[in-house]
Amino acid sequence: MLTLPFSSSPHNALQNPRLPVQSRPFAAFNCKGVRLTIPSHCYTARGDHTTGGPAVALKTADVATLGNLCVDLVLNVPELPPASFLQRKAYMERLAASPPDKKYWEAGGNCNMAIAAKRLGLCCITIGHLGNEIYGEFLLDVLHDEGIDTVGMNEDTDVCDNASASYETLLCWVLVDPLQRHGFCSRADFSKEPAFSWMRKLSKEVKMGIRKSKILFCNGYGFDELSPSLITSALDYAVEVGTSVFFDPGPRGKSLSVGTPEQQKALGQFLTMSDVLLLTSDEAESLTGIGNPILAGQELLRKGVRTKWVIVKMGSKGSILISMSSIACAPAFKVNVIDTVGCGDSFVAAIAFGFIHKLPAVNTLAIANAVGAATAMGCGAGRNVANLKRVIEIMKASNLNEDDKFWNELFVDDIDAQQIMFLSRTAINGSSNRLHLVALQEVVSESLWNLETAWMKGVVPS
């Protein structure tokens with residue numbers, strides 16, 4: 001049992017079929033001439049407008065992702081790549097010399113978040129560069145089949161006619177050794193410049209995609225492809241047009257914090273100007289120097305200018321949502337973990353779902369934990385991320401990983417919060433000025449209704 005006193009606080013759908021996109025496409029083109037589309041109208045989760053200044057636009061999509069569109073090439077290998085830079089580069093070049101069979105290809109990067117979000121009933125746009133080759137066509141087909149529209153990041157045609165590798169779809173080799181440990185490598189790992197450094201400005205089509213979306217999702221891997229100035233111009237434009245910004249620095253956060261002056265400045269802008277920050281506990285500690293994830297999240301929140309939520313992901317322990325008025329904590333669901341690739345991306349999709357639908361913080365975390373867990377039960381990411389059927393099964397099973405010792409150690413005396421909400425299967429009588437137990441069964445009941453209702457509204461216009 002948790003040792004702090006509590007007061008109890010009240011608080012069947014099938015897997016999504018692949019659905020046709022309910023929109024009239026607006027044509028856009030990437031620099032190789034691949035025809036891409038964004039919806040001119042899409043039924044979004046909660047109305048068509050968002051609040052903000054006079055520049056706020058009509059919002060006809062729920063989520064847009066920026067950059068990081070890649071094809072994962074998933075291979076079993078006898079051992080992971082060597083640590084040294086030159087040996088890793090030679091290792092990747094040997095792999096690239098003979099591309100694997102298509103059965104080993106999978107959509108990767110921000111495709112994971114977009115696919116998971118779409119399966120939760122959100123209207124999604126992916127913004128990024130795809131080459132005019134078999135890998136670009138593969139990603140377009142996967143996204144189209146999932147009901148996700150794509151906006152090509154284009155550039156001047158005289159530049160884009162160059163046939164060099166810098167204009168090809170980015171590939172990520174996902175290597176799995178006999179112990180199921182993962183290694184990742186791509187050409188972006190071996191260049192001082194971003195993979196698409198030739199791209200210098202946002203096109204009008206990209207700006208339209210940002211303007212018409214409620215959320216713009218960016219992550220640290222975007223800096224592998226796009227220049228800091230280009231990524232921050234997307235952030236600035238999103239703020240200007242009233243689009244909420246989600247930022248997950250990921251493992252790149254640490255290197256960006258000690259990178260070039262431009263990278264450090266861009267990271268600082270995202271950490272202060274994003275509406276929602278998402279980090280693992282290790283990443284939060286790396287950026288703040290604070291080991292307690294709650295205190296680290298509060299530090300990021302204090303430094304933020306527009307920050308509304310800081311989400312700390314803690315894997316099998318659960319997750320925390322920190323706002324100015326409260327802290328919400330949700331233990332993870334126990335499942336049979338097969339592969340953790342894509343779990344964090346899927347988790348983000350569910351946080352976007354809760355943000356858009358204005359769900360209670362604990363409900364948002366419970367859904368996100370279930371979506372992440374559902375992805376962990378599959379093998380690989382892309383089309384293997386969580387589906388709604390499995391998410392519902394996990395929530396109905398309600399098998400929480402309740403580690404009271406772990407959570408008690410986080411609830412230190414100097415935590416500054418008006419209220420701490422904690423998700424638990426057990427209702428305990430008692431009272432506390434700050435700490436409240438939220439009944440899991442009520443959260444599950446409410447969340448299942450939210451998921452099913454939202455998904456149905458995404459199919460049939462309200």
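Two strands are taken to pair if DSSP finds at least two bridges between them. Helices (H or I, at least four residues) and strands (E, at least two) are DSSP runs, numbered from the N terminus. The structure is a predicted model, in which local features need pLDDT of at least 70 and side-chain atom pairs count only at pLDDT 80 or more, while totals for chains, interfaces and linings use all residues. Residues are numbered from 1 along each chain as its sequence is written, and side-chain values use heavy atoms, with hydrogens and water left out.

The protein chain contains 16 helices and 18 strands. Of its 462 residues, 56% count as buried, where buried means under 20% relative accessible area, exposed over 50%, and partly exposed in between (1.4 Å probe, protein chains only). The chain exposes about 19300 Å², of which carbon and sulfur atoms supply 52%. These areas come from the Shrake-Rupley method with a 1.4 Å probe; for residues, only the protein chains shown count as cover.

Strand β15 (residues 318-322) pairs with strand β14 (residues 309-313) in the antiparallel sense over four bridges. Within this pairing, V310 stands opposite I322 of β15. The two strands form a hairpin with four residues between them, and G315 in the turn has a positive phi of about 60°. Strand β15 is also joined to strand β16 (residues 326-331) by five bridges, and these two strands run antiparallel. Here S319 stands opposite A330 in β16, and a hairpin of three residues leads from β15 to β16. In a regular strand the side chains alternate between the two faces of the sheet. In β15, G318, I320 and I322 point one way, whereas S319 and L321 point the other way, and all are buried. Because five of the five residues of β15 are buried, the strand is largely enclosed by the rest of the structure.

Helix α9 (residues 261-273) has 13 residues and reaches 18 Å from its first C-alpha to its last, close to the 18 Å expected at 1.5 Å a residue. The expected span is 1.5 Å times one less than the number of residues in a helix. The buried residues of α9 are A266, L267, F270 and L271. Seen down the helix axis, the buried residues of α9 fall within an arc of 135°, so they line one face of the helix; the arc is that of the directions from the helix axis to the C-beta atoms. The exposed residues P261 and K265 are carried on the face of α9 turned away from its buried side.

A search of the whole structure finds 13 aromatic pairs. Rings of Phe, Tyr and Trp (its six-membered ring) pair if their centres lie within 6.5 Å; planes under 30 degrees apart count as stacked, over 60 as edge-to-face and the rest as tilted. F85 and F190 form an edge-to-face pair, at 5.4 Å centre to centre with 65° between the planes. This pair links distant parts of the chain, 105 residues apart: F85 lies in helix α1 (residues 85-96) and F190 in the loop between β10 (182-185) and α5 (204-211). F85 is partly exposed at 45% relative accessibility, whereas F190 is buried at 14%. W407 and F422 also form an edge-to-face pair, at 5.3 Å centre to centre with 80° between the planes. Since W407 lies in helix α15 (residues 404-410) and F422 in strand β17 (residues 419-424), the pair ties together parts that are 15 residues apart in sequence.
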